[in-house]
Amino acid sequence: MHNLFIPFITLVLITACSNQKTAGQQSADLVLYHANIITVDPGNPHAEAVAISGTKILKAGKNDEILALAGKQTDRLDMKNATIIPGLIESHAHFMDVGYTRMKLDLTAAQTWDEIVGIVAAAVKSAEPGEWILGRGWHQEKWNRPPDQQVGGYPVHTKLSAVSPDNPVYLTHASGHAVVANANAMSLAGIKTSIPDPDGGEILRFPDGRPTGTFLENAEDLITGRYETDFSHKSPGEQERYDEKAFALAVSACLENGITTVHDAGVSFGTVDFYRKMMDAGRLSLRLYVMLGASNQWLTEKMAGYHMIGAGDNHLTVRAIKRFIDGALGSHGAWLLEPYDDLPGSYGMNTTNLADLEETAQLAEKYGFQLCTHAIGERGVRETLNIYEPFTKNKDLRWRIEHAQHIDPADLPRFASAHIIASMQTNHATSDGPWVPGRLGEKRSREGAYVWRKLLDSGAVICNGTDAPVEKINPMRNFYSAVTRRMDNGQTFYPEQAMTREEALKSYTLNGAYAAFEETIKGSVTPGKLADLTILSDDLMTVPESEIPSIRITGTMIDGRFVYQASGETE
Ligand SMILES: [Zn+2]
């Protein structure tokens, strides 16, 4: 083991002294040359070649000087002018859900409610009686005509129940903030007319009080909780096989998309145990930065025992907490300062009460955890800032607001001044854009919706993600949204708030690292940092804007080793 440590220490010393000449004496294990390397390192923004020693970057620079670091044992790879960027950091996704979603009915492309009913009807044919049927990704705003029967803008269960009388069904909204269930699922879950709305949730009802099948925000748990209870009755082996399949699907989805680190936005202690198991089995090939999603009681009891930084050679870190102050805009759950334009009298929902969140903030500080709070509406953002500021004002706590979608102009400077990170998903702006002004009105949308330009100009740090599986995990589509704000309908959503390409790349790399206290080991192609790299088919900084979404990920490297290579792209 000792001989492994000596070069490592030498490398650290060399980097610390910035002694470029001495670095020349170290020989590389791998050299990638004839490349177009966008390093995101302000001291050395562009390079032609990179030398890798072990799991770390030795040096990036001109072809000649880097090839000079190659010895007899060094592998040399001619990149034929491919573009290399630092390994992408997906700063907000739901890792296991990325896998589970691939095991559920995909409803994202459905154009009508009837089409969704048809997809379920087909699935019923091959299901065992009583087996749960799950789907995900429907969005009523994306349908080209409304359902024949609807309540509150949502479909009712009648048709779904008719095609699936013997199988419980629930279908999750694209945002994850609503489900539609059929009669069988509702009856299993004990849903009756007399059932009250839970705190922070709503059961949509017919005029006579019967539930319509749509459950918003915390009311979802009535249905999903019943499914989970049934799932927990399966044999441990069956449960584990299901989870392992989802895990493997999630890993490959990330690697195919050039993602080397995922910030996992809210998981249970049990999921962390599972990740640790996968790590010990050598199956955690990418890096996870995990936010714990749990009640204060559970946090108090267990969080200290789960704090871990860089376990498994920097593959698993648990040092953050995820909470929710409100819901989503699409389901009218985002907590607003003024009522919704299209739902007069409604201000949205406060899903975790403020005293509870304040207590989480105290726990986070006490146990050295970063706090990440989902806040979408302006009221949700303001209340979160109010809770954070006394903690963060004079300390480097890097607490985050997840989404920070709608910000009242008065609150905008508070991000930078209190060192609070805006963890945003640039593709939400272009997906939601067509209907945001309907919810908020034109003025409020223009002044406060997805205001990246204003935040960056104020000095705030934005880290970027996709919220997958809410949106596709595809980073080039997300990068395109960041720099164009162009929606699928061809129009742009307040394009004056776009990022530059440099800013967008930084939000996906160095800022993601910063938002996880990892900027000294990740986020740029810099000597001493982990050799995590993403290889692209084209130069995302110079191709015409319209070509950005078709840039392909041709390779993904973690720890100096290729973990993904697109077919036909290998040497
Ligand atoms: Zn999320």
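Colleague: What share of the 571 residues in the protein do buried residues make up?

Modeller: Happy to start there. This is a predicted model, in which local features need pLDDT of at least 70, side-chain atom pairs count only at pLDDT 80 or more, and totals for chains, interfaces and linings use all residues. Residues are numbered from 1 along each chain as its sequence is written, and side-chain values use heavy atoms, with hydrogens and water left out. Buried means under 20% relative accessible area, exposed over 50%, and partly exposed in between, with a 1.4 Å probe and protein chains only; of the 571 residues, the buried share is 57%.

Colleague: What is the radius of gyration of the protein, and how does the globule rule compare?

Modeller: The secondary structure comes to 22 helices and 27 strands, both taken as DSSP runs numbered from the N terminus (helices H or I, at least four residues; strands E, at least two). The radius of gyration is taken over C-alpha atoms, and the globule rule is 2.2 Å times the number of residues to the power 0.38. That rule gives 25 Å for 571 residues, so the protein is as compact as a globular protein of that length, with a radius of gyration of 24 Å.

Colleague: Which residues are the protein donors of the zinc ion?

Modeller: Donors are N, O and S atoms within 2.8 Å of the metal (3.2 Å for Na, K and Ca), and water is not among the atoms, so sites may look incomplete. Along the chain the donors follow the spacing H-x1-H-x372-D. Lying 2.1 to 2.2 Å from the zinc ion, they are His92 (NE2), His94 (NE2) and Asp467 (OD).

Colleague: How many residues apart in sequence are the parts that His92 and Asp467 tie together?

Modeller: His92 is buried at 0% relative accessible area, and Asp467 also counts as buried, at 7%. His92 lies in strand S8 (residues 88-93), while Asp467 is in the loop between strand S24 (462-464) and helix H20 (475-484), so the pair ties together parts whose separation in sequence is 375 residues.

Colleague: Which residue in S16 is the bridge partner of Val179?

Modeller: Strand S14 (residues 178-181) pairs with strand S16 (residues 211-217) in the antiparallel sense, over three bridges. In S16, the partner of Val179 is Phe215.

Key:
Pairing = 2+ DSSP bridges.
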